[in-house]
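This report describes how helices pack against each other in one model. Two packed helices are described by the angle between their axes and the distance between the axes.

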Amino acid sequence: MIVIANGSPVQISPGMLTELERKTLRRKMNSPVTYWYPDLDALVFELKLRTNIVQAARALYSSGVRFATFSRSRANPQFWIRTPDGGFLLRPGVPPAVAVSDIFNQGQMYAFECAGAIIIMLYKAVLESIGEAAFNRHFQGLFLRDWQTDRDLQLTTSHNLNEVYAGDVLYFRNPDHHPSTPEWQGENVIMLDDNLYFGHGIGIGTAGDIIRQLNRARRPFSFVSAYLDDLVLRPNFEAVRMLMYRMAPLRPVV
């Protein structure tokens, strides 16, 4: 169920929400888990940020970005410096909002692995949710590689697959992957809707679709199937919302 701390009823005009947001709201209201919000605005912000994560996933899928291991990664050198370990460092003087948006606008210039793709999609969703000014204040010095994130992108974890919603990050594990292709040890995905996911390198599909793709990358004669792990990641929605109202702290010069 949903509890609003100031006692406000959970009443949101239907016209304010998409069908996917209404579905998430209904499921949370009917859940045995209590979801606490300081006010109604916080609840609406979470629903909108979840929508923006889903939209970022669909946009990345359509962008022309390619899958690549760290050794073969690439980025637009106008905005990013490719580091020796295959990561992307924001070029000095480039606004973070411009550089992140470029990944989606000029996808053919980029290639990276699936964990980095998740972080990129989350950054894009946060940008769309808090606006360019706040994003540029708080996300200076971005470095994109694997799960490395800016401290203001607070990720939380849970282990309850009964409580997953559109915009959550999940992981399909492939425990018996072929040793010559460690990149197929699993697939990080964004949940788009009920039993519909996007994973960079595999695409959009159901859980069965993704498991079948991963099973093709198992070691010879393996009968150990890939499966959906119970690890669930999501942003700290309230912390992200507060970025709109908080000035960026002074960062040490390195």
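## Terms and model

Axes are lines fitted to C-alpha atoms, for helices over the stretch in contact, and angles run from 0 to 180 degrees between N-to-C directions. Helices are DSSP runs (H or I, at least four residues), numbered from the N terminus.

This is a predicted model, in which local features need pLDDT of at least 70, side-chain atom pairs count only at pLDDT 80 or more, and totals for chains, interfaces and linings use all residues. Residues are numbered from 1 along each chain as its sequence is written, and side-chain values use heavy atoms, with hydrogens and water left out.

## H2 and H4

Helix H2 covers residues 40–62 and helix H4 residues 114–130; their axes come within 8 Å and cross at roughly 130°. The crossing of H2 and H4 is right-handed (the near helix is turned clockwise from the far one by less than a right angle).

Contact means heavy atoms within 4.5 Å. On H2 the contact includes Phe 45, Leu 49 and Ile 53, and on H4 it includes Met 121, Leu 122 and Val 126. The residues of this contact divide into 12 nonpolar (Ala, Val, Leu, Ile, Met, Phe, Trp, Tyr, Cys and Pro), 2 polar (the others, Gly among them) and 3 charged (Asp, Glu, Lys and Arg).

## H1 and H2

Helix H1, residues 19–29, has an axis that comes within 10 Å of the H2 axis, and the two cross at roughly 130°. H1 and H2 are therefore oblique to each other, and their crossing is right-handed.

Leu 20, Glu 21, Thr 24, Leu 25 and Lys 28 of H1 meet H2 residues including Leu 43, Glu 46 and Arg 50. The contact of H1 with H2 has 5 nonpolar, 2 polar and 5 charged residues.

Methods: Angles under 35 degrees count as roughly parallel, over 145 as roughly antiparallel, 65 to 115 as roughly perpendicular and the rest as oblique.
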